[in-house]
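Let's walk through this structure together, one pairing at a time. Have the viewer ready and follow along.

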Amino acid sequence: MRPEPRLIEVRKNVLKQNDVVARALRERFRAAGVFVVSLVSSPGSGKTTFLEKTLTLLRPDYKVAALVGDLATENDALRLARSQAPVRQITTGTLCHLEAAMVQNALQGWDVNQLDFLFIENVGNLVCPSSYDLGEDLRLVILSVTEGEDKPLKYPTIFHSADMAVVTKLDLAEAVEFSWPTAYKNIQAVRPGMPVLKLSAKTGEGINEYLGLLAVRLAELRHPTAV
Amino acid sequence: MHELSIAMSIVELAEEEASSRGVQIIAVHVKLGALSGVVKEALLSCYEMACESTSLQGSRLVIEDVPILIYCDSCRAQRRISSVQAFCCSECGTPSSEILHGKELEVIALEVQECVPNRA
């Protein structure tokens, strides 16, 4: 006779393995004094252009590097390499998001102690990346004006996994009749209090505010009491 | 769609527990928050796939939905939100991003049966 079934209490986080790796990465980044920024958005939001501009403008004053996730191609890494910053591609195959272990593997052979900023561009996807901590200090969710103002209402989860929203392609706002007040209101509806930046990587509008913010955050990381 | 890798993590986690306790798993109970980024229906179908050719083949996945609960500063209490498009207290309308529940993605229990030893 088979014994009766019974219930065992477990209580284990399903993503514990990822969280453990992410925590180790975060500690390693802190110890090295490198500020890590990750970017999430839908495909075609201008992440790569935005990142290329960021790397190019930061490079004269800071040591910067980038990891870029893509399903199949190395196009983004090639584009980012034009900034002269060290760039590595993480080709995920069919996987729709980056995980902490992929970041850890991609860093092999790099001395993060030499860096000021490390950028991690996630796979273009507004759903899956939200569940995975990558050990970053700042997660930016990018929303381009061409996507429409209601993206935050459609993808509230990703706005909750990010620390700050960045509205890009501002140079196209008029052409697509983008309403900044509506977009801002929608972001605040799903994530009250979320800081929002608006900029154009093409014209440079709003870029200085963003770069200034990164410099402040790096200083805070290195001298937590001085700022 | 990342539910398959989530399902595989659940199976892996459950298999570890089962082999360390010497039991056969009939069902895995998980808590799934509305803000976990995981879709229940997709997870259920992926679970079946993830169980194939493992000791969990034929087992069930039992999902307990966890609604989003915020802390409302005005009410000084744990409250539901108006909707997922409006993170406001459902009672007084004060906006809040202080999430108390809804991000859960955890295995909470295993329904098991003792393994019957094979007789030689």
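This is a predicted model: local features need pLDDT of at least 70, side-chain atom pairs count only at pLDDT 80 or more; totals for chains, interfaces and linings use all residues.

Residues are numbered from 1 along each chain as its sequence is written, while chains are lettered from A and ligands numbered from 1 in the order in which they are written.

Now step back to the strands around that pair. Helices (H or I, at least four residues) and strands (E, at least two) are DSSP runs, numbered from the N terminus. Strands β3 (residues 69-72) and β4 (residues 77-83) of chain B pair in the antiparallel sense over four bridges; pairing requires that DSSP finds at least two bridges between two strands. Both belong to an open, antiparallel sheet of four strands in chain B, ordered β5-β4-β3-β6. At its edges lie β5 (86-89) and β6 (99-101) of chain B, each pairing on one side only.

Next, turn to where the chains meet. The contact (C-beta atoms, placed from the backbone, within 7 Å) takes 29 residues from chain A and 30 residues from chain B. On the side of chain A that touches chain B, β1(A) provides the largest share, eight residues. Strand pairing crosses between the chains as well: β1(A) and β7 (residues 105-114) of chain B run antiparallel, joined by six bridges. One spot to check is L7(A), whose bridge partner in β7(B) is E111(B).

Methods: Two residues are in contact if their C-beta atoms, placed from the backbone, lie within 7 Å.
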